[in-house]
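This report covers a metal site and a helix. The sequence and structure come next.

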Amino acid sequence: MTRALIVVDVQNDFCEGGSLPVTGGAQVAYDVAQLVRSWQSKNEGAPTWSHIVATKDHHIKPGSHWASHGSQPDYVNTWPVHCRVGTSGEAFHPNVDHLPFHAIFLKGAYEAAYSGFEGATADGVKMADWLRSNGVTQLDICGIATDYCVRATALDAVREGFEVNLLTDLCAGVAPQSTTEALAELNLAGVSAVQPV
Ligand code: ZN
């Protein structure tokens with residue numbers, strides 16, 4: 001069994017101070033970095049990932065995913081302008097910016113894209129193909145937001161045949177109710193929600 005870490009959308013716009021801030025986002029960025037450093041140092045009890053990868057919301061012109069000018073986003077299907085390519089909001093949060101990701105998957109250039117499995121590397125390699133070609137069978141998933149992109153990524157991971165574990169303490173959700181619902185849905189889908197030992 002080969003296990004990888006997927007860090008979902010830990011970007012400036014999704015952390016405090018960004019255009020679509022999720023409460024606890026910066027703390028997630030800090031905690032993810034701590035866990036990755038522990039893994040790098042091969043500390044006792046650290047996770048034994050073969051690879052670590054990240055996804056990014058990466059918008060150029062994502063249509064109605066951004067609320068149109070002058071109208072209010074509903075925070076379910078339409079959102080404030082966020083993660084626009086070329087802005088600091090699209091960049092990784094500074095806490096995770098220098099982590100040694102083996103691959104970064106970009107999603108949503110011209111559409112809404114919640115799942116990291118819709119993403120591809122700059123060379124066009126889709127995430128599922130990349131993971132399989134690297135022998136990965138198990139995934140630890142963390143990031144922002146629990147009730148949207150983490151949820152969609154974890155559900156697709158199960159559909160793609162991976163064994164999925166959610167690092168719940170390293171996730172932050174947009175709203176309490178949808179986060180609770182997402183965790184219940186993921187549990188039903190077969191995602192295990194335990195912390196790494
Ligand atoms: Zn987006």
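Buried means under 20% relative accessible area, exposed over 50% and partly exposed in between, with a 1.4 Å probe and protein chains only. Helices (H or I, at least four residues) and strands (E, at least two) are DSSP runs numbered from the N terminus. The model is predicted, so local features need pLDDT of at least 70 and side-chain atom pairs count only at pLDDT 80 or more, while totals for chains, interfaces and linings use all residues. Residues are numbered from 1 along each chain as its sequence is written, and side-chain values use heavy atoms, with hydrogens and water left out.

In helix α4 (residues 176–189), Thr-179, Ala-182 and Leu-186 are buried. They cover an arc of only 60° around the axis (taken from the directions from the helix axis to the C-beta atoms), which puts them on the same side of α4. On the other side, Pro-176, Gln-177, Thr-180, Asn-187 and Leu-188 are exposed. The cover over the buried residues includes α3 (146–159) and β5 (163–172), where contact means heavy atoms within 4.5 Å. Just after α4, Gly-190 has a positive phi of about 105°.

| Donor residue | Atom | Range for the four donors |
|---|---|---|
| Asp-57 | OD | 2.0 to 2.1 Å |
| His-59 | NE2 | 2.0 to 2.1 Å |
| His-65 | NE2 | 2.0 to 2.1 Å |
| His-82 | NE2 | 2.0 to 2.1 Å |

Asp-57, in strand β2 (residues 51–57), and His-82, in the loop between β2 and β3 (103–107), are 25 residues apart. Both Asp-57 and His-82 are buried.

Methods: Donors = N, O, S within 2.8 Å, 3.2 Å for Na, K, Ca; no water.
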